[in-house]
Amino acid sequence: MEHAAATSHVPELTLLALQGFQVLFLWIHDWIPLGRLNDVAAVRGQDTFRRLVTVTLIQSVPFTIGLAASVGYFQRDYPDWLHWWLWISYVTLFVGQMRAWWVPYLFKAEPQRAERYERMFGNTHAFLPVRNGVVPNTAHILLHLATGGTLAVLYLGNF
């Protein structure tokens, strides 16, 4: 019975781990140097301090609320509002990630975006080849995979 109880929480623990990774990433990736995974100086060279604070708050607070609520309802049924919150938040994030990174990379060249990304992320680690002047860096690929994983767990899980 203990094994069954432990495995029954694997999807929920996976969801919390994915959310935790994304929340941490969204709060720190423009502020704290992470070796070759980011280039804080380059990002700060492209945006004002005020804009960075605003963007960080807008992109981080909704996911922090979702994570806090998910922790608060751990091992209990999630209320409808939390299901909606998580779905809307993570679908919106995923669509934004696709639009910002993968559409320009795979389908449609956007020279201005490519120039900006080169200035901001050109010194970061990437393992894919450059296409259309863009290459998703490793840190953003990890974030995108976590977002896709979050959506998969939300779809498959029963919270």
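Student: How many helices and strands are there in the protein?

Tutor: Seven helices and zero strands, and along the sequence that reads α-α-α-α-α-α-α. The elements are DSSP runs numbered from the N terminus, with at least four residues (H or I) for a helix and at least two (E) for a strand. This is a predicted model, where local features need pLDDT of at least 70, side-chain atom pairs count only at pLDDT 80 or more, and totals for chains, interfaces and linings use all residues. Residues are numbered from 1 along each chain as its sequence is written, and side-chain values use heavy atoms, with hydrogens and water left out.

Student: Why is tyrosine 90 called buried?

Tutor: Tyrosine 90 has 1% relative accessibility. Buried means under 20% relative accessible area, exposed means over 50%, and partly exposed is in between (1.4 Å probe, protein chains only). Since 1% is under 20%, tyrosine 90 counts as buried. Its place is in helix H5.

Student: What does tyrosine 90 touch, not counting residues up to four places away in sequence?

Tutor: Gln19, Gln22, Phe63, Thr147, Thr150 and Leu151. Contact here means heavy atoms within 4.5 Å. Tyrosine 90 and leucine 154 are 64 residues apart in sequence, with their C-alpha atoms 9.6 Å apart in space.

Student: And histidine 144, does that count as buried or exposed?

Tutor: Buried, because its relative accessibility is 6%. Histidine 144 lies in helix H7 and is in contact with Phe94, Gln97, Trp101 and Trp102, leaving aside neighbours within four places in sequence.

Student: What makes phenylalanine 127 count as exposed?

Tutor: Its relative accessibility is 51%. The cut-off for exposed is over 50%, so phenylalanine 127 passes. You'll find phenylalanine 127 in the loop between helix H6 (111–121) and helix H7 (138–156). Beyond residues up to four places away in sequence, phenylalanine 127 touches Thr138 and Ile141.

Student: Which residues have the most contacts inside the largest nonpolar core?

Tutor: Leu15, Phe63, Tyr78, Leu86 and Tyr90, in a core of 21 residues. Helix H2 (10–28), helix H4 (49–72), helix H5 (80–106) and H7 each give two or more residues to this core. A second, separate core of twelve residues includes Ala100, Trp102, Tyr105 and Val134.

Student: Why is a set like that called a nonpolar core?

Tutor: Because a nonpolar core is a set of buried Ala, Val, Leu, Ile, Met, Phe, Trp, Tyr and Cys residues joined through side-chain atoms within 4.5 Å. In soluble globular proteins, nonpolar side chains tend to be buried together.

Student: What angle do H4 and H5 pack at?

Tutor: About 145°, with their axes 10 Å apart. The axes are lines fitted to C-alpha atoms over the stretch in contact, and angles run from 0 to 180 degrees between N-to-C directions.

Student: Which residues of H4 make the contact?

Tutor: Pro62, Phe63, Ile65, Gly66, Ala69 and Ser70. From H5, the contact includes Trp81, Leu82 and Trp85.

Student: How many residues of that contact are nonpolar, polar and charged?

Tutor: Ten are nonpolar, three are polar and none is charged. Here Ala, Val, Leu, Ile, Met, Phe, Trp, Tyr, Cys and Pro count as nonpolar, Asp, Glu, Lys and Arg as charged, and the others, Gly among them, as polar.
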